[in-house]
Amino acid sequence: MTEIDADLINELDGQRSATPPGLLSKQEKDVLIERAFVGLYRWYVSRSQTTRNWNPNTDFDWRSLRTDHSTELNHIIEGFFAVEQYVPDYVLKLLQIIRRSYGRSHFHIRWGSEEEKHSDLWENALLFSRYRSPEWIADYKVMLRENEYDLPWDDPMSMIFYTVIQERATQVNYLNTGLIAAGKNDDPTYADDVDPVLAQVAKVIAIDEAAHYNFFLEGARLFLYYYPAEALEALHNVIKFFAMPAGNLIPNYDRFSETVARACIYGPREHLRDVVDVALKNLSIENYRALRKGINRIRQVPQTDGTMRDTGIFDVLDYDGVEKKVQKLFGRIEAYEQKVGFDEVDPTHFIASGITRP
Ligand SMILES: [Fe+2]
Ligand SMILES: [Fe+2]
């Protein structure tokens, strides 16, 4: 071999892509994920402005809120207020780790503006039910804000899965509270808690939480599609160690969580059946049992070039199902872009991951 040949070989070797043919590079995947987040964010804002632009003060008949709720129901409302009022921390902390993503960070600010109303709404419920005096609420706010919320995970991928589970859990909490206010809870403790104003409050917030859940679900699917092995591992860890936000910051939180569990609003059973398994099904995974079983096989697959590990995903994840839903999301973004005219200047297009069953 001549010296020139050796140089040429070295040069070619240096230029060779680290990505196997047919697969996208990390940079290409990240660009696609970001495009989808921007597109979804734009779509979401339009939808939010047209369908969920409610006001926590003027859109409810607060004077008609009942002032004789059961103590248990009052505790529950107080707990909801305590959790929601940490919204500045929820926004600030996550924003710091997703700020490089234009789509995700801008969505997060919008999300915060919707969550801020939830806090106001529950505060109004506490105030107008006469359960707590204005002075008591003022002191409570000061006490709560002495503690600061910290993220349960410090990477963007884990946090998208965390928010999927958390938003779904919050939605379930409010839907089941709405059942109490509508007289549809069998527990005699809540037999006299029928209250149309409270039912409307719970319904309006639950619809917001469903919209949040759907946004994060679409985002989570992007990671599952373009980074399946890493995403499944992150998802598994998030579920394994999941706790509702701010539970460790709120005084008497144990009493609150026992009350909501006893009322069949949200306890371990609802968490697995109505939150985790529902979210997993929406993410094209059979259930938590299947994820737990499958995750070890993914870990065991030898990793030589990063692609081998992906082969283990097909046992736990309906990858074709994920692809169809990601394609559908891109389709929704394309339709939105056509409506506005973005398609003429900067269209978004779906590109397949290239990951296939071996
Ligand atoms: Fe909320
Ligand atoms: Fe939410």
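**Contacts, helices and core**

Author: Of the contacts between residues at least 6 apart in sequence, 79% join residues at least 24 apart. Keep in mind that this is a predicted model.

Reader: What does the secondary structure come to, in helices and strands?

Author: The chain has 14 helices and 0 strands. Read from the N terminus, the elements run α-α-α-α-α-α-α-α-α-α-α-α-α-α.

Reader: What box do the C-alpha atoms fill?

Author: Roughly 90 × 45 × 35 Å, taken along the principal axes.

Reader: And what share of the residues is buried?

Author: Buried residues account for 37% of the 358 in the chain.

Reader: Which residues of the largest nonpolar core touch the most other members?

Author: That core has 85 residues. Leu 40, Phe 161, Val 164, Ile 165, Ala 220, Phe 223 and Leu 232 touch the most other members.

Reader: Which helix gives the largest share of this core?

Author: H8, with 14 residues.

Reader: Take Ala 220. What does it touch, leaving out residues up to four places away in sequence?

Author: Ala 220 touches Ile 160, Phe 161, Val 164 and Leu 283.

Reader: Switching to helix packing. At what angle do H7 and H11 pack?

Author: About 130 degrees, with the axes 9 Å apart. H11 covers residues 268-282. The angle makes H7 oblique to H11.

Reader: Is the crossing left-handed or right-handed?

Author: H7 passes H11 in a right-handed crossing.

Reader: Which residues make the contact?

Author: H7 contributes Val 164, Ile 165, Arg 168, Ala 169 and Val 172. From H11 come Glu 270, His 271, Asp 274, Val 275, Val 276, Val 278 and Ala 279.

Reader: How do the residues of that contact divide into nonpolar, polar and charged?

Author: 8 are nonpolar, 1 is polar and 3 are charged.

Reader: Last topic, Val 194. Where is it found?

Author: In the loop between helix H7 (156-181) and helix H8 (196-226).

Reader: Why does Val 194 count as partly exposed?

Author: Because Val 194 has 15 C-beta neighbours inside 10 Å. Buried would take 20 or more, and exposed 12 or fewer.

Reader: What does Val 194 touch, with residues up to four places away not counted?

Author: Val 194 touches Ala 181, Ala 182 and Gly 183.

Reader: And what separates the C-alpha atoms of Val 194 and Thr 163?

Author: 31 Å, for two residues that are 31 residues apart along the chain.

Terms used:
Residues are numbered from 1 along each chain as its sequence is written. Chains are lettered from A and ligands numbered from 1 in the order in which they are written. This is a predicted model: local features need pLDDT of at least 70, side-chain atom pairs count only at pLDDT 80 or more; totals for chains, interfaces and linings use all residues. Helices (H or I, at least four residues) and strands (E, at least two) are DSSP runs, numbered from the N terminus. Two residues are in contact if their C-beta atoms, placed from the backbone, lie within 7 Å. Axes are lines fitted to C-alpha atoms, for helices over the stretch in contact, and angles run from 0 to 180 degrees between N-to-C directions. Angles under 35 degrees count as roughly parallel, over 145 as roughly antiparallel, 65 to 115 as roughly perpendicular and the rest as oblique. A crossing is left-handed if the near helix is turned anticlockwise from the far one by less than a right angle, and right-handed if clockwise. Ala, Val, Leu, Ile, Met, Phe, Trp, Tyr, Cys and Pro count as nonpolar, Asp, Glu, Lys and Arg as charged, and the others, Gly among them, as polar. A nonpolar core is a set of buried Ala, Val, Leu, Ile, Met, Phe, Trp, Tyr and Cys residues joined through C-beta atoms within 7 Å.
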